[in-house]
Amino acid sequence: MTRIASRVSQLHGEGALAVYARAKELEREGRSIIHLELGEPDFHPAAPVVDAVRNAVAEGRDRYCSTRGVPALREAIADYLKRTRRLDAVAEQVLVAPGCKMALALAMMALIEPGDEVLYPDPGFPIYPSFTRGLGATAVPFRLEEKNQFQPDTHEIARIITPRTSMIIFNSPNNPTGTVFSKAALQKIAELAKKHDLWILSDEVYARILFSGEYESIWSLPGMAERTVIIDGFSKSFAMTGWRLGYAVAPVIDAMDLLVLNTFTCAAEFTQVAAIEALRDSTNSVDAMVAEYRKRRDLFVAGLNRIPGFRCQVPDGAFYAWVSIEDTGLSAEEVQKLLLEEAGVAGIAGAAFGAGGRNYLRFSLVSARNLLDEALERMQRASVHWRAEVSR
Ligand SMILES: Cc1ncc(COP(=O)(O)O)c(C=O)c1O
């Protein structure tokens, strides 16, 4: 009897893709849909990056290459992190992978033992608990609650650490809430990590998409570089989702490198060469994108807060609006369905990001401002379905 390994039954999918599939089906039926479900920038990479990949292929940079990533890119990443995040990392600590998710998976495979307990944010990126369970470990949520502006409650984290806890995973700015963890929270998490000898997996995929202040990485806090793995990449900051390019900065590169050798061998060389151009950012495309996301955030969040039954805090980073629908009297799944099927607006019911997302919907700010305006109008009209409940 052929059978599938039991670890696969521990894995979960991503809710966004199911909504996207239904939205596409409606479009095929001739319906107009505004897509705010996927976390995929509507921008494309800057022209010099596209030129660079074309040239790299033409020059024959399409061979197997170093398992850790081409040296020039690893140097460029270390330099970029110094410039943009004041990180004191060196190229020897960098490992390139096909996508942030793969860098995340390598780090988790290298560091998590079956039976370990791994703490993760709820709501948060659904792959953290899914892959933790796939590795035979227990995923233990810590809550990000609206009453705390979605900041972690570090007393709660301290309370749920046990002798089996081996790692705390988080991402700041957070997907889906957009929260940038405060310096105080990072310091407290760092203290706990040192006290209990824990790994920190700091997913910094949205570090550049920050609406105020400078990015603080937990890696930079005293004593943390030796127990922190940073995950970052090109999908979000450089709008290079389909290029599949991410990286880890870690004190355990040798272990991760062995996993690379046993699995995908190397990331494509031509994308790596072009990524050096992306990091150079000669057209200032990152700043331009972030400025546009800021305008979208301001417009959309203000508009959402005018819709009866909706409540949305202003996110400090990333490109999501995380909206409480508690006051509509409907479930998030019902609101998601009404918005998609009747109003033609695709967002995701928050339970896709953990139990803490039960009364929320996530909208991605990945459509142009005129479409966001249109989405707001459509949602305002759809709110007739729950307005009576709100005015009770
Ligand atoms: C928090 C977080 N980490 C990682 C990823 C995956 O990034 P990549 O597409 O580079 O694998 C995403 C994408 O949605 C994300 O939101």
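Okay, let's start at the ligand. It has 13 residues around it, and the ones that come nearest are D203, Y206, S235, K236 and R244. Before I go on, please keep in mind that this is a predicted model.

So what do some of those side chains do there? Take S235: one of its polar side-chain atoms lies 2.6 Å from an oxygen atom of the ligand. Then there's K236, with a polar side-chain atom 2.8 Å from a ligand oxygen. And R244 has a polar side-chain atom at 2.7 Å from an oxygen of the ligand.

How much of the ligand's accessible area does the protein cover? On its own the ligand has 400 Å² of accessible area, and the protein covers 91% of that. The space the ligand takes up is also the largest pocket.

And what kinds of residues make up the shell around the ligand? By class, you get five nonpolar residues, four polar ones and four charged ones.

I'll pick out one of them, F300 with F363. Stacked or edge-to-face? The ring centres are 5.8 Å apart and the planes sit at 80°, so this pair counts as edge-to-face. If you're new to this, the distance of the centres and the angle of the planes are how we describe a pair of aromatic rings. For the angle, over 60 degrees is what we call edge-to-face.

Last topic: the backbone. Which residues does a cis peptide bond join? One joins S172 and P173, with omega at about -5°. Another joins N175 and P176, and there omega is about 20°. As for where to look, P173 is in the loop between β5 (165-171) and α7 (183-196). P176 is in the loop between β5 and α7 as well.

One more backbone thing, and that's R86. Its phi is near 50°, which is a positive value in a residue other than glycine. You'll find R86 in the loop between α3 (71-85) and β2 (94-97).

That's it from me, thanks!

Key
Residues numbered from 1 in each chain as written. Predicted model: local features only at pLDDT ≥ 70, side-chain atom pairs only at ≥ 80, totals over all residues. Heavy atoms only, no water. Near = heavy atom within 4 Å. Polar contact = N/O pair within 3.5 Å; in protein donor to acceptor, adjacent residues only side chain to side chain. Areas by Shrake-Rupley, 256 points an atom, 1.4 Å probe, with all protein chains shown as cover. 1 Å grid on protein atoms, 1.4 Å probe; cavity = no way out; pocket = protein on both sides within 12 Å on 5 of 7 lines; lining within 4 Å. Sits in = over half its atoms within 2 Å of the grid points. Nonpolar A, V, L, I, M, F, W, Y, C, P; charged D, E, K, R; others polar. Phe/Tyr/Trp six-rings, centres within 6.5 Å; stacked < 30°, edge-to-face > 60°. Helix = DSSP H or I, 4+ residues; strand = E, 2+ residues; numbered from the N terminus.
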